[in-house]
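Hi,

Here is the structure I promised to pass on. Have a look at it first, and then read on for what turned up.

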Amino acid sequence: MNWDAVTAAGLYDAEASDAETRRELIELLASYGATVEQMVAAIEIGELWELAVVLVYGTSGDMSARELARRVGVSLETIESVYRVAGVPVIDPDERRFGQQDVDLVCGLGEVVGGKFFQHEELGEVLRVFGEAVGRIADAAVAMYQQGAYQRMMASEGSELERAKLTLARASEAMVFPRLLDALIRHHISEAADRQQATQVQGSPSERLLAVGFVDIVGYSARASEVSMGELFDLVSGFENRSLDIVAASGGHTVKHLGDEVMFVANDAAAASTIAMDLVDAFGNEGEVTPHGGVTFGPVVNRRGDYYGPVVNLASRIARQAVPGEILVSSDMASHLVDVDGFETFPAGRRMLRGFADPVEVHTLSRRT
């Protein structure tokens, strides 16, 4: 460490009362590769100890994209294409942000494409899905850190050195997440394969027979405009966490959240009915919140983790037609519930729906008492 440069940059004052701890902090950060420029930039936007987070989770590596390309024997354009599709574009091909894991990744992708099952286009689709999913995981992890450990450290009376050491210690604990992701992806792929096999339409590998549901927890967005940002975080996470648990408890799969609305799929009508009614029951006693929804059954197409087709559109449309506390179902869905214990349906008339030329017959779903 060039202490003359550190002092000239205003990072260190040997006469200051905290000179000893500041010196140890700078040495600690430097041991993780921090430069004087990085330290100055950290102070300009916050506190010096916060640079520890960047050093641990940053993009520094021992080779550039150009060197990675030479290492694995492909063109720079190939490297740029792979990482762009995966959602992490190469901005500077000479920035050292790649390592041995990237070598293994690119070589592994080459083996997959060279095999018998994946074509380039199919691999690109998978990479886009993985990139989008891992990006969301990364955003969630950083947000949880900022709202949890970071806030606690900011509220503590510890020195910058103590905060930096704690940050680095927590970072080593967080390395469990890549291993967790590796284990969970195996489970999720296994379950996805089981769902595919159980619901695939014979003779059509792209079609699946599924129950599709939308439940709109009306009133949550209105609450959002009346609360603080901290309360908003609790509100949104509470809604999403509870709905995820409810869907999973009955063997369904949460496709996405759309504001107040949750979209889910299930292999059979009974599971979808349980999910829809449980969502209404769970959120129906929260003051001004008024859940309602729609469920259909039929062939859908699955792409990049989402579902498409007339059945999906119908579920969305009839969900908007339902009154507070009501779940409307399509005729096909109602026919699959005829011999199912615990549920019954009642005719609810015909509705003119956007995107459908003729009036659509709907039914009200109810638990059988």
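Helix α3, which spans residues 36–45, has Val 36, Met 39 and Ala 42 buried. These three cover an arc of only 125° around the axis, so they sit on the same side of α3. Glu 37, Glu 44 and Ile 45 are exposed on the other side of that helix. Please keep in mind throughout that this is a predicted model.

Next, the aromatic rings. Searching the whole structure gives two aromatic pairs. Trp 3 and Tyr 12 are both buried. The other pair, Tyr 83 with Phe 98, is also edge-to-face, at 5.1 Å centre to centre and with 70° between the planes. Tyr 83 belongs to helix α6 (residues 76–85) and Phe 98 to the loop between α6 and α7 (100–113), so this pair ties together parts that lie 15 residues apart in sequence. Again, both Tyr 83 and Phe 98 are buried.

Elsewhere, Arg 242 has its charged end over the ring of Phe 283, at 4.4 Å from the centre.

What about the nonpolar cores? The largest one has 28 residues, and those touching the most other members are Val 215, Phe 264, Leu 279, Val 295, Ile 327 and Met 333. Two or more residues each come from β2 (204–218), α13 (229–249), β4 (261–266), α14 (269–283), β5 (290–303), β7 (327–330) and α16 (331–335). Helix α14 contributes the most, with nine residues.

Which residues is Val 295 in contact with, leaving aside its neighbours within four places in sequence? They are Val 212, Gly 213, Phe 264, Ala 272, Ala 276, Ile 318, Ile 327, Leu 328, Val 329, Ser 330 and Met 333. There is also a second, separate core, made up of 21 residues, with Leu 11, Ala 19, Ala 52 and Ala 164 among them. As a general point, nonpolar side chains tend to be buried together in soluble globular proteins.

Note on methods
Residues numbered from 1 in each chain as written. Predicted model: local features only at pLDDT ≥ 70, side-chain atom pairs only at ≥ 80, totals over all residues. Heavy atoms only, no water. Phe/Tyr/Trp six-rings, centres within 6.5 Å; stacked < 30°, edge-to-face > 60°. Buried < 20%, exposed > 50% of the residue type's maximum accessible area, 1.4 Å probe, protein only. Helix = DSSP H or I, 4+ residues; strand = E, 2+ residues; numbered from the N terminus. Lys NZ or Arg CZ within 6 Å of the ring centre and 35° of its normal. Core = buried A, V, L, I, M, F, W, Y, C linked by side-chain atoms within 4.5 Å. Contact = heavy atoms within 4.5 Å. Arc of directions from axis to C-beta.
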